[in-house]
Amino acid sequence: NYAALIQQQINEDKQNLREKTVYGVQLTEEKLNDFRDEQIGQLKELMAEATKPHKKLTISKDSEHKT
């Protein structure tokens, strides 16, 4: 089960703080060829979101809605 695999990888990552853990499974070119174009596009969007630098959110008192 994929969720169990991810949980195992997270637990291993906690124990090996010095090494960078790779999560999930590697997809072979053969498996990627089985995907529809729409699925490949979704994977690209997911990768773009997952690798974006984190932005700090700042909330000011002036941001309240005024009517």
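Reader: In this predicted model, what is the relative accessible area of Lys 52?

Author: For Lys 52 the value is 44%.

Reader: Which residue does the side chain of Lys 52 meet in a salt bridge?

Author: A salt bridge calls for a side-chain nitrogen of Lys or Arg within 4 Å of a carboxyl oxygen of Asp or Glu. Here Lys 52 pairs with Glu 49, at 3.0 Å from N to O. Glu 49 has a relative accessible area of 52%, and because the exposed class starts over 50%, Glu 49 counts as exposed.

Reader: How many salt bridges does the structure hold?

Author: The count is one.

Reader: How much of the protein is buried?

Author: Buried means under 20% relative accessible area. Of the 67 residues, 3% fall in that class. The accessible surface is about 7,300 Å², and carbon and sulfur atoms account for 52% of that area.

Reader: Which residues form the nonpolar surface patch?

Author: A patch takes residues with over 30% relative accessible area. In this model Tyr 2, Val 25, Leu 27, Leu 32, Leu 43 and Leu 46 make a nonpolar patch of about 550 Å². Tyr 2 lies in helix 1, residues 2-15.

Reader: Which elements make up the fold?

Author: The protein has three helices and zero strands, giving the pattern α-α-α along the sequence.

Reader: Which helix gives the most to the lining of the largest pocket?

Author: Helix 3, residues 37-50, does, with five residues. The volume of this pocket is about 330 Å³. Among its lining residues are Tyr 2, Val 25, Leu 27, Leu 43 and Leu 46, which also belong to the nonpolar patch. Others in the lining include Tyr 23, Ile 40 and Met 47.

Reader: What does the lining look like by class?

Author: Eight lining residues are nonpolar, two are polar and one is charged. Gly counts as polar, so Gly 24, a lining residue, goes in that class.

Key. Residues are numbered from 1 along each chain as its sequence is written. This is a predicted model: local features need pLDDT of at least 70, side-chain atom pairs count only at pLDDT 80 or more; totals for chains, interfaces and linings use all residues. Side-chain values use heavy atoms; hydrogens and water are left out. Patches are made of residues with over 30% relative accessible area and no salt bridge: like charges are joined within 9 Å, nonpolar side chains (Val, Leu, Ile, Met, Phe, Trp, Tyr) within 5 Å. Accessible areas come from the Shrake-Rupley method with a 1.4 Å probe; for residues, only the protein chains shown count as cover. Helices (H or I, at least four residues) and strands (E, at least two) are DSSP runs, numbered from the N terminus. Buried means under 20% relative accessible area, exposed over 50%, partly exposed in between (1.4 Å probe, protein chains only). On a 1 Å grid over the protein atoms alone, a cavity is a set of points where a 1.4 Å probe fits but cannot get out, and a pocket is an open set with protein on both sides within 12 Å along at least five of seven lines; lining residues have an atom within 4 Å of a point. Grid points are joined across faces, edges and corners, and a volume is the space filled by probe spheres set on the points.
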